[in-house]
Amino acid sequence: MNNPKFKNKSENKYVPFMNQNIDKIAHLIYYTFENRKGKYELSEIRDHVVLLNQEVLKIVEKDLQLLEINFDSFLFNEVLLDIAETELKRKLPDNIADALLFIDDFENLLKNKYHVDALSRVYSNLINGLKVFTLTILNNQLSVYDFYFELIKDKKQNRTDRSVFIDLYFQFLIISNAGLEIILKSCIEYNNNEKYPSNYTYNFLRGLGKNHSILAKQLAEFGVKNDFQKYYVFIPNLLIGLYNAGHNDTLDYTIVIFEKDPITALKAFSGYIISNGKEIKQIFELLNKIEPITVELVNLKSVLFCNFIENDNASAQIKENCIKELVKLLKSEDHKKADSAFQNIQYNLDNYEYEKYYLLNVYLNNTKNFSVFNYFFHNFKNPQYLFDILIKRYDASGFRGSLDLFKNALNHFLDTNKEETEEQILDLFNYRKYSLLAVKIILSDRSGLYRVDLLKLSKQEAQLFAIDSICNYPHSIDDLLPQLLKLKESNFKEVKDYLQTKLAELIFEVYHESLLNLIKKNLTNSKKDKDFLIPLQKALNEYSEMRESKAIIKDLDPRENERNLMDLYYRLEHENQAKMIKNIDNNENSFLSMMKNTTIVRGRAWKNDDSEDVLPLGLIESSMMIDTRAYKNPTVYEQNLENF
């Protein structure tokens, strides 16, 4: 393969500098070794005027009273290389790999000699500048591009070493005045050979607009005029870098490209940080000219509409029109187009939650794609929109409707806005119909349950609804009990009496001594708590008396009347199972013949055929208290839940 070379090697030929200010530069370098400062005051460097003229120093733009070293300066790096050769007592090798190792040795020497922190930014910039300069020197003898091309193809290369050289190489392309085609083809090679390529090359090209605007313009024009289809992926990033660096004429150039290739132009527009309302309007009018609309165009248009809505410089009318355009896209009969638009809405419009929620409803009415609930609320701050959805879903699906799609959103709001989320949950208890939904939300946490303070319910009616909903919930009374018992401290006497009544009812009808024991664990030995237990203990005593009286009646007890039939059934079942296992063991072609026998020893240990070791069984258990009314009379119970 013929790899591209620099267009004119003679123009890039390195010629050593003959300069009378070498001593002054060397003094600056040693001063940097010792001080390791990124910026210097004018008074610190006596010869700063001369060094500024030589472009060894540069004035910091943000503060004209400070100086920085220009680590890209050929003159600075020539002197630095001479110092490196003197310190290491050997010449720079004439191949790239050994030359870079030479610079690494020099870096280690400096760190040991001057006790440099490994993370020193000044030293990193100095060493990297020297490495780039070294590549420039060696390029006269061999092609650095060839070396880059071989390295990028070599998948066995250490990833860190590979990344370090790639950074140096792209900086080298700028410093060495490489040809435009070389730079773009280097980007292509990188994208073709890296697993996740785009961010690196795109950031590199965008950065040119700020620090090397002339080169960025030349690259964009070259890409447009020469094989546009080959270079079109890079053009938007070059234009974005230029526009955001203040080169406003870039917009006019992008509009010219729009007539040739709308997609490339829209990609550029989507990255522009626009501070001019007229330009926003101009681009908005261009968007309405695009027909027909493909999925890719829908994606780009929706990104721009979101950008304009979030842009403070856009007029209220433009923002309103953008919402209308997004609605049109979300109502598309082609659901792929609607999905593309919605995805951009989902990850944008962070400060426009009302509009975002409105657009969600438009999308759902069209696509019925409810799976988006999993992540839609990830960037929301206000939980009220989530709870609006939860109430609507509860109205439509009833008590048995699943909350699985909303667990991520609930966790998000409890992590980021716990107080307001708790308020939303508690507000559900103000309505008897939704109090069961509140309990369901409390129990939906994967790691346990959400903690809410029921005493924050200001209305007596809401506290009564909370007691009713928890006591009628099908399961997990054991988990909910600590929160429920807080209501014994209620300011309303009716609430405290009703709590005792409902708990006594549950003890008598459903959970019996298990619930009473749990209640005792959650109470203290105070007189107040002992008085609270009196009616509960009475309910358990009444249940025990009823149970004893029923136990005397044997007429309908199957264990008494049908014991012989039951024993016969289990003997026959065991006999059939034994025959089946014996037949399988004797069949060499059976699936189980390939298995190893494992023996459970008295239910507490196990062993297999390969070892005589007897190993204890691990204890794994899980429990949940279930309302017995749910299986004693399930039809009535379910009806009561739905009509709660």
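1. The largest pocket holds about 1,900 Å³ of space. A pocket here is an open set of points on a 1 Å grid over the protein atoms alone, where a 1.4 Å probe fits, with protein on both sides within 12 Å along at least five of seven lines; lining residues have an atom within 4 Å of a point. The volume is the space filled by probe spheres set on the points, which are joined across faces, edges and corners.

2. This is a predicted model, in which local features need pLDDT of at least 70 and side-chain atom pairs count only at pLDDT 80 or more, while totals for chains, interfaces and linings use all residues. Residues are numbered from 1 along each chain as its sequence is written, and side-chain values use heavy atoms, with hydrogens and water left out.

3. Of the 46 residues lining the largest pocket, K58, D72, Q171, N211 and H212 are the closest to its centre. Helix α7 gives the largest share of the lining, eight residues. Helices are DSSP runs (H or I, at least four residues), numbered from the N terminus.

4. K89 has a positive phi, near 60°, and is not glycine. K89 sits in the loop between α3 (74-88) and α4 (96-114). K89 counts as exposed because its relative accessibility is 75%, the cut-off being over 50% with a 1.4 Å probe and protein chains only.

5. L349, also not glycine, has a positive phi near 55°. L349 belongs to the loop between α18 (335-346) and α19 (353-367). At 0% relative accessibility, L349 counts as buried, for which the limit is under 20%.

Note on methods: Helix = DSSP H or I, 4+ residues; strand = E, 2+ residues; numbered from the N terminus.
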